[in-house]
Amino acid sequence: MLDHILSILVFFPALAALLGFVVHKDSMRSYGVAVAAIEFALALWLWFAFDNNVSGMQFMETIALIPTFGINYIVGVDGISLFIIILASFFTMIGIASLTDTKDVKNMIITLLFLQMTMVGVFVALDAMVFYVFWELSLVPMLYIIGAWGGPLRIYASVKFFLYTFAGSLVMLVGMLFMAYFYYQATGQWSFAILDWYRLILPESFQLWLFVAFFIGFAIKVPMFPFHTWLPYAHGQAPTIGSVILAAILLKMGTYAFIRFSLPLFPDASVFFMFPIAILAIIMIIYTAMVAYAQKDIKQVVAYSSVSHMGVIIIGTFALNVEGISGSIFLMIAHGVVSGALFLLVGVIYDRRHTKLMSEFGGLASVMPRFATIFGIMMMASVGMPLTINFVGEFLSLLGFYQQSHILTLLAGIAIIVGAIYMLAAYKKMFFGEVTKEENKNLPDVNKRELIALVPLVIITIWLGIYPKPVLGPINTSVEAVVQLMHEKAITEEAKSRIPSLDIIINKASAKEVQ
Amino acid sequence: MELFLYTALFAPLVGSLFAAMFGARPKTKIAGIVPSIMLGVSLISSTILLVLVLTTGHTVHVEMMTWMATGDLYIPFGFVVDQVSVTMMMVVTLVSTVVHVYAIGYMDHDAGFNRFFAWLSAFVFSMMILVMSDNFAGLFIGWEGVGLCSWGLIGFWYKKESATWAANEAFIMNRIADLGMLIGIFLVYWNTGTLQYDGAFAAMPGLDTATLTWIGIFLFVGAMGKSAQFPLHTWLADAMEGPTPVSALIHAATMVTAGVYLVVRSNELYALIPNVGLFIASLGAFVAIFAATMALVNRDIKRVIAYSTLSQLGYMFAAAGLGAYWVALFHLMAHAFFKALLFLGGGNVMHAMNDELDPFKMGGLGKTMKGTMILMTLASVALAGIFPLAGFFSKDLILEVAFIDHHFIIYTVLLLTAGLTAFYSFRIIALIFHGEDRHTALGFHPHEAYKFMLWAMAPLAVLAVIAGALKGSYFEMVTYVLPATEYHVHSATTYWIMTIGTQLFVIGAIYFAYKKYMSKDIKVPDGTSKMENSFAYKLLINQYYIPYFYEEYLVKPYRELSTLCWTHIDQKVVDASVDGIAKAFYATGENTRAMQSGNLSTMLKWMVAGTVALLSLAVVFGLAAKYSGEIKLFLSGLGV
């Protein structure tokens, strides 16, 4: 069973979802929780069976699909993708468990299970076509979640989300086709296998164009400034569960893809574009943090804060050294946990008051002390307090980039100031002061069902903040291999010097050059 | 010995978690007593460690576990008890224990009693991490941890707008400085390859001066935030919104001295860059006098003491900047005792006066509050530096350091400040306890604090008196790790002139304060007197208009710019262009829809047009392909 565990992880939720159509709607919730719990247990088993000392892919499976064009079903997992998969299954589980009075709960759970298939699929795919298929398929359930359960502007928001990211992905698809064509030119064989592509050394000019093609697809997904405007609408209109999954997992596809595709395939282009991208990321950090500060709606604050934090992830990724990339992957996990928890918390208050405007609240600390405490912990994690999960990622990302540029890191570091400004201001508006509104005087504190979702997140936030090693160790092993590969593939002097050599031996198959 | 180290470190955490369990429940005494006992345990363990270090000279160094490890970076949770950290541990645990016991009485009637002790003990834990860590990253954990607890405690009465505002101000201002600190840490890592103190400091002599200077500057920026040095000082006075025990512990004795501790801890770095040291000393001297002038006129006893703290921090930085690290640390210790005492006394007065803070509305309280009066007077005498109390040994030593190192400007400024210190300290003593009774007319019926609160303050009073006597053994101890420069004025005559002169000057200032503020003519100022309308008074009472400047020129523009970014840039430029592109597609479809209306004749027309277009394209491309050579030639002739 362990040989096929990745395929099981991908397709088990989908099969269970199909079966879900015949399950009675009253027992649907327990069914959904059971399926998601099994999936989560499988993901944990994967972690348990995972060999921390191997830097390459594990549990690989290959099934030929269209061999003539080199399109095969190839899946595998390494330290970079492992924890995002676990996170995806974890969030689906607590998401389903914490679903509150949603209409058509049966459809919602079926949709979530399909969404889970696409999410896991993206992170295990090692064939560009398979990756692309899952990448695009993931849009459909989310389109449906926003469009069917969203707020008043849901149609606009869901169509915008779909078309915007879809348009970007098409450019990425063209890039992938070119990449396969170059591989064909170099070797006489077609291949869409990412590991095959890793062995290809492209001239710098090709790299630049391909990098841009991939970049557009990824940057919209992340979303990077100035491609981010679909996100506030999507978050603003999506139901709580939609926002949680979107922020915790779907956004990570973009940053994950940077590390899976852009860095190892185009090391010279990565160095070439390092500073422009870093500047975009810095704009993203500071500008969206300022926009977050101006918001009146607490959910939009969290939404914009997501964009701001994704900027730090990008900075870490383009540090192009082990510290930075490991930090950025860790921050993906951390941001998933923290922003997911914050969206859940916003959902808690929305269920009670059916408004998200901060001016409607005030003084909640005395009415809902447990809610205020959990929100406070998550806020502090979001602000990057040491001994919480976010700090480790932020610290390493910025530390890594400091090797590349002093002044840009100083600017990116403003994240810790502006982040504190909007978060503390929002917290003050919601929780401090006197209770002014009559409706708020008797709000019930968080209930058991909500605690089931929130308490594990609090525990993870603090546990991985104090002891990040179980996660950071495997990430580090795989990242070292990526950095070494990049160093060896780099052609230009600049890239050779920017990407450190680690003097570790990776399984080097003969590199092939495109003329 | 590791056992004592871990006990000293984690006992406050246990106390904090215990109190936190009762966080949302109604007040229980036990939530205050258990943390106090745990702090006592921590104090005893620290004392045992002190005795060990003092007698054997051994230091304890443990590595608990790995925190972060990736690439070449390796950061453990490592703790070290050496001569410097054990001094800090003693100061922290001693003052905390006193403040905890005192707070059981002070917070007696507060609904948030349990929550208060959870935060307060958490603070002590963070502070212990800060001083005991053996690397910069661990220091940063404590650094941020104390910032967090300070936020929670300043904003403890969260229903008050001013309190939560002050809490956020303190947090954000500290964050600005923390960025500097973080950059300093990055610089240390990339230049020395490690964040452990011993490894990093050992590698520093091999680095070039420019790098070292940057490291020194950025780390000091971090110190400026925590220790509220100009221009990041405004949060400290506003932090007085917190309960008074908090002010005594955090904003006088411990947290604000973290910056001084950092500079002392990094003495090997700052010894290599004397120019940065001189800058630190100059800034320290400036802050000393700058804060002292603001304390002269303020009409809020807690704020006066806060400015006094700021001023004394300036002294400490002046000493540390001039390379007299042990002197700075000694003043830090002595100051912690008498300043905490002063604050706790202020707390008694506040309680007696139903939280009234204006000393002009008090007067003659000495009759009802004899104990508090004695303790506060003692603390003020120590603060003023009168022989033989603590301040005389620690503060006058800083003056001597400046004098001996020939920094006469710094010396003069500090000397002048000493006079101001004595004046403003006794100004409030005189206004509160002596003179005419002005409070009864205003409807106040003061009462003395609980006996056990006064007894809890007693150890601080004893230390404020005798700390000077400890100087010798203290010097022996810390100079194991700190440069053992002794400061002696060369000629005995000069020494006696300086010492006696300073004493006379200070005593004169005290006499002047008593004379001026004990007089029967003192009334509650109503804004009409000549002094209150003078320019100097207005400048000082408005804190040199710096908070106003920050509000008008930083806070407001930031808020406006944020709104502008959202409403104009994000919605009207970025998003509008995305929608614009989408609309262009949509409009194209909408406008060309008529082409496929189903009307045969229109469709035929379009078909013909399309065929013509395609054919002509084919012809053009065909020709171009045929004559490609000529075209290239032609184009190259044009210089394309």
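How are H18(A) and H21(A) oriented to each other, roughly parallel or oblique?

**Entry 1: ground rules.** I am working with a predicted model, where local features need pLDDT of at least 70, side-chain atom pairs count only at pLDDT 80 or more, and totals for chains, interfaces and linings use all residues. Residues are numbered from 1 along each chain as its sequence is written, while chains are lettered from A and ligands numbered from 1 in the order in which they are written.

**Entry 2: the opening question.** I looked up helix H18 (residues 389–402) and helix H21 (residues 448–466) of chain A, whose axes come within 6 Å and cross at roughly 45°. H18(A) and H21(A) are therefore oblique to each other. For the names, helices (H or I, at least four residues) and strands (E, at least two) are DSSP runs, numbered from the N terminus. Axes are lines fitted to C-alpha atoms, for helices over the stretch in contact, and angles run from 0 to 180 degrees between N-to-C directions. Angles under 35 degrees count as roughly parallel, over 145 as roughly antiparallel, 65 to 115 as roughly perpendicular and the rest as oblique.

I then listed who touches whom. H18(A) brings A:Ile389, A:Phe391 and A:Val392, and H21(A) brings A:Ile460, A:Thr461, A:Leu464 and A:Gly465. Contact here requires C-beta atoms, placed from the backbone, within 7 Å. Ala, Val, Leu, Ile, Met, Phe, Trp, Tyr, Cys and Pro count as nonpolar, Asp, Glu, Lys and Arg as charged, and the others, Gly among them, as polar.

**Entry 3: chain B overall.** Chain B holds 25 helices and two strands. Its C-alpha atoms fill a box of roughly 110 × 60 × 50 Å along the principal axes.

**Entry 4: helix pairs in chain B.** I took helix H2 (residues 30–56) and helix H4 (residues 113–132) of chain B next. Their axes come within 8 Å and cross at roughly 15°. That makes H2(B) roughly parallel to H4(B). The contact of H2(B) with H4(B) has seven nonpolar, three polar and no charged residues. Among them are B:Pro35 and B:Met38 in H2(B), and B:Phe117 and B:Val124 in H4(B).

Helix H14 (residues 301–321) and helix H15 (residues 325–352) of chain B pack at about 175°, with axes 9 Å apart. That makes H14(B) roughly antiparallel to H15(B). I sorted the residues of their contact into 13 nonpolar, five polar and two charged. Those of H14(B) include B:Ile305 and B:Tyr315; those of H15(B) include B:His331 and B:Phe343.

**Entry 5: where the chains meet.** I found 40 residues of chain B in contact with 44 residues of chain A. On the chain B side, strand E1 (60–70), helix H5 (136–154), helix H6 (161–192) and helix H23 (546–592) each give two or more residues. H6(B) supplies the largest share, 14 residues. By class, this side has 23 nonpolar, 10 polar and seven charged residues.

Entry 6: In chain A, strand E1 (residues 58–66) and strand E2 (residues 71–77) pair in the antiparallel sense over six bridges. Pairing needs at least two DSSP bridges between the strands. A:Ile63 stands opposite A:Tyr73 in E2(A). Four residues lie between the strands, and A:Gly70 takes a positive phi near 70°.

In chain B, E1(B) and strand E2 (residues 73–81) pair in the antiparallel sense over nine bridges. B:Thr66 has B:Pro76 as its bridge partner in E2(B). This hairpin has two residues between the strands, and B:Gly71 takes a positive phi near 55°.

Entry 7: Most residues other than glycine have a negative phi, and most peptide bonds are trans. A:His354 is not a glycine, yet has a positive phi of about 55°. I placed A:His354 in the loop between helix H15 (322–353) and helix H16 (364–367) of chain A.

The bond from B:Phe230 to B:Pro231 is cis, with omega near 0°. B:Pro231 sits in the loop between helix H8 (209–226) and helix H9 (234–238) of chain B. The bond from B:Phe387 to B:Pro388 is also cis, with omega near 5°. B:Pro388 sits in the loop between helix H16 (370–384) and helix H17 (390–404) of chain B.

Technical notes:
Contact = placed C-beta atoms within 7 Å.
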